[in-house]
Amino acid sequence: MAIELRGGTPSYRPSRRSPRQVLTARGAFLGGVMLLLIGGCAQETAKAPLPVTPPGDRANAPVIRRPLPETPIPPAPEAPPGILAPAPAIVLPANAQYVCVTEAAGQRQQTVIEFSPKVAGLCLKHPEMGPCQYERNACRKSGGRVFAAEGKEITMATEAEYDRKVIRIRLKSN
């Protein structure tokens, strides 16, 4: 509001906005309303399962993902209150670097992740490298957990340790 003096008494008039300012304010308001509507309508989608390499493509593929037979989750043994029962062990087949384990509806699905010999050697020596990390992240995106040799789970804390070993530059587009 602008205050204008006329004959010694203040006069209050509404300030005039330019048409551009009015449109900008309306656009910002409508944009905010649209974001609220879109955000409210969004539903959490089910995670897609980890894709499996078709048998015909396995001969030349640098990364092979194959399912292990479905293993039912054994019922947890009765443990005294306050003590957690150990989870069943994860066993890696020969030539596999990782196993992606997903659990749904009482069934455990295990997908073996194997690399070509050159990449496998790289991942055994330097698990922090890109191809190895890509496969682990693909497993996590599908809702799975990644296990390595001796059934050791590779968590995000382990990934953070790997990242401390290397300097990574990640460029993000606008």
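A residue is taken as buried when its relative accessible area is under 20%, as exposed when it is over 50%, and as partly exposed in between, with a 1.4 Å probe and protein chains only. By this criterion Cys132, at 0% relative accessibility, counts as buried. The structure is a predicted model, in which local features need pLDDT of at least 70 and side-chain atom pairs count only at pLDDT 80 or more, whereas totals for chains, interfaces and linings use all residues. Residues are numbered from 1 along each chain as its sequence is written, and side-chain values use heavy atoms, with hydrogens and water left out.

The chain contains four helices and seven strands, where helices (H or I, at least four residues) and strands (E, at least two) are DSSP runs numbered from the N terminus. In order from the N terminus, these elements follow the sequence β-β-α-β-β-β-β-α-α-β-α. With contact defined as heavy atoms within 4.5 Å, residues 24 or more positions apart account for 49% of the contacts in the chain with a separation of 6 or more.

Strand 6 (residues 107-115) is mostly covered, seven of its nine residues being buried. Strand pairing, which requires that DSSP find at least two bridges between two strands, links strand 6 to strand 3 (residues 63-67) in an antiparallel arrangement with five bridges, and within it Arg66 stands opposite Val112. Strand 6 also pairs with strand 5 (residues 98-104), again in the antiparallel sense, over seven bridges, and here Gln110 of strand 6 is the bridge partner of Val101. The hairpin of strand 5 and strand 6 has two residues between the strands, and in this hairpin Ala105 takes a positive phi near 55°. Thr111, placed in strand 6, is buried with a relative accessible area of 6%. Apart from its neighbours within four places in sequence, Thr111 is in contact with Leu50, Arg65, Arg66, Pro67, Tyr98, Val99 and Cys100.

Nonpolar cores were defined as sets of buried Ala, Val, Leu, Ile, Met, Phe, Trp, Tyr and Cys residues joined through side-chain atoms within 4.5 Å. The largest such core has 14 residues, among which Leu50, Tyr98, Ile113, Phe115 and Ile154 touch the most other members. Two or more residues are given to this core by each of strand 5, strand 6, helix 2 (117-125) and helix 3, and helix 3 gives the most, with three residues. Residues up to four places away in sequence not being counted, Leu50 touches Arg65, Cys100, Thr111, Ile113, Ala138, Cys139 and Ser142. A second, separate core of eight residues includes Ala96, Val99, Val101 and Val112.

A search of the whole structure, with a disulfide defined as a pair of cysteine sulfur atoms within 2.5 Å, finds two disulfides. Counted along the chain, the bonded cysteines follow the pattern 1-4, 2-3. Cys123 counts as buried at 4% relative accessibility.

In helix 4 (residues 156-165), Thr158, Glu159 and Tyr162 are buried. Seen down the axis of helix 4, these buried residues fall within an arc of 100°, so they line one face of the helix; the arc is that of the directions from the helix axis to the C-beta atoms. The buried residues of helix 4 pack against helix 3 (130-141), whereas the face turned away from the buried side of helix 4 carries the exposed residues Met156, Ala157 and Arg164.
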